[in-house]
There are 2 protein chains.
Amino acid sequence: MKISQLDTPVAVVDLDKLEANIKRLQAYLDEHGIANRPHMKTHKIPEIAHMQIKAGAVGINCQKLGEAEVMAQAGIEDILITYNLMGQAKLERLQRLAHRLPRLSVVADSPFIVQGLSRAMEEAGVTLTVLVEFDSGSNRCGTQTPEETAELARLIARSPGLRFGGLMTYPSTAKTDAVVPAVKSLLAGDGIPLERVSGGGSPNMWEAHTHPAVTEHRAGTYVYGDRDLAASGAVTLEQCAFSVITTIVSRPTAERGILDGGSKTFSSDHSGKGFGLVVEYPEANIYKLNEEHGYVDLSACARKPEIGERLTVIPNHCCVVSNLFNQIVGVRGGEVEVIWPVACRGLLQ
Amino acid sequence: MKISQLDTPVAVVDLDKLEANIKRLQAYLDEHGIANRPHMKTHKIPEIAHMQIKAGAVGINCQKLGEAEVMAQAGIEDILITYNLMGQAKLERLQRLAHRLPRLSVVADSPFIVQGLSRAMEEAGVTLTVLVEFDSGSNRCGTQTPEETAELARLIARSPGLRFGGLMTYPSTAKTDAVVPAVKSLLAGDGIPLERVSGGGSPNMWEAHTHPAVTEHRAGTYVYGDRDLAASGAVTLEQCAFSVITTIVSRPTAERGILDGGSKTFSSDHSGKGFGLVVEYPEANIYKLNEEHGYVDLSACARKPEIGERLTVIPNHCCVVSNLFNQIVGVRGGEVEVIWPVACRGLLQ
């Protein structure tokens, strides 16, 4: 089947570009001796995770327990869940997952989380590796000072059922470079080594080597690429593997076109320059979305697309877009090669 | 099972409120002799569509062909698809659907759409009812003038395989009241009646009776209710049936809490007052979302939620939120009564 025969809206991945994106980051991280642990949140597809592992990744990064369960079922053996896990339901699932996956690791940023993990793992009779998440400037989760970080590391190290695995943060920043050595020296007296320091980010991925304290890098978006990542300079628009093919379903006025994709196709993530880049008409501006309609201002286009014409859109943020599709179509040279279910879509727990 | 035992994040519908919302709008439209055709985009759940029909709705409104296919399979007999359908793949599916569903109707806003529908229906040997979509001020799809509307109506009326079914617009506005009589008189000479005039909207639903030309009303959001609809005044916050229960997974600072729901849970639809209302802490502000994290500013809360505490969030826009979940939990009096798969989620074609 040819791409041109796919009904729209459809999410398409160019497999040549996908493979090149995987290879390019792997080669760079290999060159600098940094472990590669891609974040599967972008694709949520086990086969792509396997492609990343086969290319040289040490394992993968999941954000949700449900994602890790699916990836473990698919044969991925080394998984880091970068999320505070708590509550009876999740801790019971984590017990089962830890049993079958010796190379599972998780994070914690508070004694509350550590205590819950410890009780569950002790009860299950397994040892789980736990990294301390520290805040490197995102002002999201994470311990706030080297002292707090070291204290939590000590708590993990002495907690039954747990093993201290190092530090985790997002993204890798200048603050990362300051915090890690400080924590290291605080822990040196206790004989607690920093086995692993996991940093991350796609916009900053080519600077991973400038953070000497970071031993592994987690990037998600790099695998597909999107308009925001291209705007950051980390990829070119031509390297973006992921796009949504749409159709102009209405041309109500001379300057307005309506696409068969809206906020349930592209999400509402806005880049400041509309809701996506129209490849065939870069002057077109997707200026508004309803749930199933995209409003396109065509006034700047010398030639304007006609009703029924297909437009390829590079979304602003591919991670939230792939999450809206039930399947992703892998294409090569204009031909459909594979159709992947987005296996981890909607696994919010 | 009690609500308190559900793992988070979880989308919950209060069944008493849901039933009251369905009944309230039905009673109002009945009182004014306006047909009720609820838009299933909000819930995407066949059983809720059946509840709406049982309460008195004449049929339902779908936005996508795939939604209509699922609803037809579930036994819904009267469906209006308010979307321009085109292309071989969709027209072949529409042929099959029209065969099994005599009360199917669709819309068109251009000769291109009408011609495609006519060719397909003639080939299939069925007659499909087609309404003309006109633009009542949304500046989205739709014919632009009464003359254009009447001309398209005439084209439908004389097209093999098609039957002119009236007019459709969204939302019902003052312009609707002006356009409909104008089209009516333009068509009077041709002996073409306006059998049905379908308007819609939830924010404006209690004003449906002020648009005398409108014979049926399509509302979607009313069934669940959300923060935006409450802000419009059409429902109260207490009437909102839909919420997402989340957990505080991190309290990194004295004034910041992090929820286990982000843009893959709440969407990025922003109301100007954050990304949702925290029922237990109305002074809390969900000021930022990452994919799986919600950032909450707790500085205005006298008492602040602790890590592990569960927070109920009324989203800004329930339609895009329910679309992110695989299932919705129906509860009554604190007990789980039903778990509904979101059957039409992700059916983008």
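## Backbone features

In this predicted model, A:Ser267 sits in the loop between H9 and strand S12 (277–278) of chain A. The phi angle of A:Ser267 is near 65°, a positive value in a residue other than glycine. Most residues other than glycine have a negative phi, and most peptide bonds are trans.

Cis peptide bonds occur as well. One joins A:Thr8 and A:Pro9, with omega about -5°; A:Pro9 belongs to the segment before strand S1 (10–14) of chain A. In chain B, the bond from B:Tyr170 to B:Pro171 is cis, with omega near -10°. B:Pro171 is found in the loop between strand S7 (162–168) and helix H7 (174–188) of chain B.

## Relation of the two chains

Two copies of a chain are related by a rotation about an axis and a shift along it.

## Interface between chains A and B

The interface brings 47 residues of chain A into contact with 47 residues of chain B. On the chain A side, the elements that give two or more residues are strand S4 (78–84), helix H4 (88–100), strand S10 (242–250), helix H9 (263–266) and helix H10 (318–322). By class, this side of chain A has 16 nonpolar, 20 polar and 11 charged residues.

## Domains of chain A

Chain A is divided into domain 1, covering 3–9 + 228–341, and domain 2, covering 32–223. The C-alpha centres of these two domains of chain A are 34 Å apart.

Contact between the domains involves 9 residues of domain 1 of chain A and 12 residues of domain 2 of chain A. On the domain 1 side, helix H8 (227–232) and H10 of chain A each supply at least two residues. H10(A) gives the most to that side, with 3 residues. The domain 1 side of this contact comprises 6 nonpolar, 3 polar and no charged residues.

## Helix packing

In chain A, helix H6 (residues 146–158) packs against helix H7 (residues 174–188) at an angle of about 50°, with the axes 9 Å apart. That angle makes H6(A) oblique to H7(A), and the crossing of the pair is right-handed. From H6(A), A:Pro146, A:Glu147, A:Thr149, A:Ala150 and A:Ala153 meet A:Val179, A:Ala182, A:Val183, A:Leu186 and A:Leu187 of H7(A). This contact of H6(A) with H7(A) has 8 nonpolar, 1 polar and 1 charged residues.

In chain B, helix H3 (residues 65–73) and helix H4 (residues 88–100) pack at an angle of about 25°, with their axes 11 Å apart. H3(B) and H4(B) are therefore roughly parallel to each other, and they cross in a left-handed sense. H3(B) contributes B:Leu65, B:Ala68, B:Glu69 and B:Ala72 to the contact, while H4(B) contributes B:Lys90, B:Arg93, B:Leu94, B:Leu97 and B:Arg100. The residues of the contact of H3(B) with H4(B) comprise 5 nonpolar, no polar and 4 charged.

How values were computed
Residues numbered from 1 in each chain as written. Chains lettered and ligands numbered in written order. Predicted model: local features only at pLDDT ≥ 70, side-chain atom pairs only at ≥ 80, totals over all residues. Contact = placed C-beta atoms within 7 Å. Helix = DSSP H or I, 4+ residues; strand = E, 2+ residues; numbered from the N terminus. Nonpolar A, V, L, I, M, F, W, Y, C, P; charged D, E, K, R; others polar. Domains from an automatic or database assignment. Axes fitted to C-alpha atoms, helices over the stretch in contact; angles between N-to-C directions. Parallel < 35°, antiparallel > 145°, perpendicular 65-115°, else oblique. Left-handed = near helix turned anticlockwise from the far one by under 90°.
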